[in-house]
Amino acid sequence: MAGHGTDEHPHGADRLCGPGDRVYSRAVRRGRVPRTEAEPVPCLLELALLHPDPDDMDWLVPTAPQEVMTRLLRGVYDEVSESHRRVGSAVAAFEWYAGLGRRIQASAMASASLEGGAAIRVLDGLSRIQAAMDDATEACTREVLTVQPGGIRREPELTEGLHRAVTLRSRGVRMRDLYTHVARHGQGLLNYLELMGDAVEARTLDEVVDRLILFDRTVAFIPANADHTMALELRHPALIDYFVTVFDRLWRLAIPVAAPLPDTGIEGISHREQSIAALLADGHQDAVIAERLGISVRTCRAHIARLSETLGAASRTQLGVRIAQVGLDGTSSHHPDVPVQLTPADRESPTAR
C-alpha cells in the first residue's frame with residue numbers, strides 16, 4: 001500500500017505530499033472530488049486513495065481512512081521482517097488517518113457515497129484487477145462461480161488465473177465454470193479440466209452472459225468497459241443475490257463438458273448451425289451472432305452458407321422462411337426427438353422461393 005508514487009510524488013500512503021494531503025482530506029470531507037482536482041496529484045490514484053465514482057466517471061471518491069489504515073497495517077506486517085524502522089512511521093500514519101476519521105462529521109450524502117464505494121468499487125487497470133482478485137482468492141473458502149464468454153480458450157487466458165485455481169483447489173474450494181459450446185473444441189480447456197480434477201465442474205451453453213466471477217457468494221467481479229481494462233468489484237448483497245440467481249439458472253440449462261451435445265433432430269444440421277439459425281430468426285446480423293456464440297464472423301458466414309444449402313434457400317429471406325418451416329426458430333410444433341428429414345422436394349419447395 002505504501003507504493004512508490006510517481007516521479008513527481010515519490011512517496012507512499014504513509015507520508016502524503018502537501019498537495020496530496022489537501023486533496024485527499026477534501027475528498028473525505030465532501031465524499032468525492034472532481035477528477036480535474038486530482039490531476040496535479042496522480043499519487044492519490046496510484047496509491048488507490050482515490051478511485052473512480054461508479055455513478056459518474058468524472059468524479060473520484062476516496063478510500064475510507066479506516067480502509068487505508070487496514071491496508072497499511074497489512075503491508076507493514078508483510079515487510080516487518082525486512083525493515084523494523086518502517087513500523088514507527090506507519091504507526092504515525094495510522095494516528096493521522098484515525099484522527100482524520102474522528103474529525104469528520106459526514107453528511108448523509110457523503111455517508112451514502114462512502115457506503116456505495118464499499119459496495120461497488122471501480123478497479124482501473126489490469127494490475128489493480130489482478131490484485132483485487134488475488135485478495136478475493138485468498139479470502140475464499142467454499143465456492144467460486146465463473147462465466148467465461150467467447151470461443152476456444154487460448155492458453156494465455158487459461159494460465160492467467162491458473163495460480164488462483166490451484167490455490168483454491170488446495171483449500172478444497174469447489175469451482176463451477178460456464179463456457180460456450182465452442183470452448184469444447186479447445187485442447188487448452190480440456191487440459192485445464194484434467195489438471196483440476198474434481199475441484200472444477202464445467203458446463204456449456206450456446207451463449208452466455210458477459211464475464212462474471214463470484215467468490216463465496218459475497219464478492220463479484222464484472223467488466224466495466226469493452227476491452228476489460230476496468231472492472232467493478234461488487235459486494236452489495238442484492239447484486240450478489242441477483243448474479244447467483246442468473247448463474248444458477250444458466251447452470252441448470254447448460255450441458256456438462258463430459259456429455260455430448262444433443263442431436264438437433266434435423267438431418268444435416270449441426271448443433272452450432274441450429275444456434276445460428278435461431279439467432280438469424282431473431283434478426284441478428286452476422287457480427288452479433290459470431291460474438292454471442294464465440295466464433296469468428298468468417299466461420300459464422302460459412303455455417304450460414306451451409307444452412308442455406310441444406311435448407312435449399314437462395315437468399316436470406318428464403319433462409320428465414322425455411323428456418324421457420326423446419327422449426328429451427330424454436331416455434332415449430334414438431335417433437336425435438338423426432339428427426340426431420342429434408343427431402344429434395346422439400347429443398348425445391350415453392351414455399352421456400
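This is a predicted model: local features need pLDDT of at least 70, side-chain atom pairs count only at pLDDT 80 or more; totals for chains, interfaces and linings use all residues.
Local features need pLDDT of at least 70, side-chain atom pairs count only at pLDDT 80 or more, and totals for chains, interfaces and linings use all residues. Residues are numbered from 1 along each chain as its sequence is written, and side-chain values use heavy atoms, without hydrogens or water.

Start with the largest nonpolar core, which has 26 residues. Such a core is a set of buried Ala, Val, Leu, Ile, Met, Phe, Trp, Tyr and Cys residues joined through side-chain atoms within 4.5 Å. Buried means under 20% relative accessible area, exposed over 50%, partly exposed in between (1.4 Å probe, protein chains only). Among the members touching the most others are Met-175, Met-196, Phe-215 and Phe-221. Elements that each supply at least two residues include α10 (187-196) and β8 (212-215). Helices (H or I, at least four residues) and strands (E, at least two) are DSSP runs, numbered from the N terminus.

Phe-215 and Phe-221 also form an edge-to-face aromatic pair, 5.9 Å centre to centre with 90 degrees between the planes. Rings of Phe, Tyr and Trp (its six-membered ring) pair if their centres lie within 6.5 Å; planes under 30 degrees apart count as stacked, over 60 as edge-to-face and the rest as tilted. Phe-215 counts as buried because its relative accessibility is 3%. Phe-221 is buried too, at 4%.

Elsewhere, three strands form an open antiparallel sheet in the order β1-β3-β2. Strands pair if DSSP finds at least two bridges between them. Val-33 stands opposite Leu-60 in β3.
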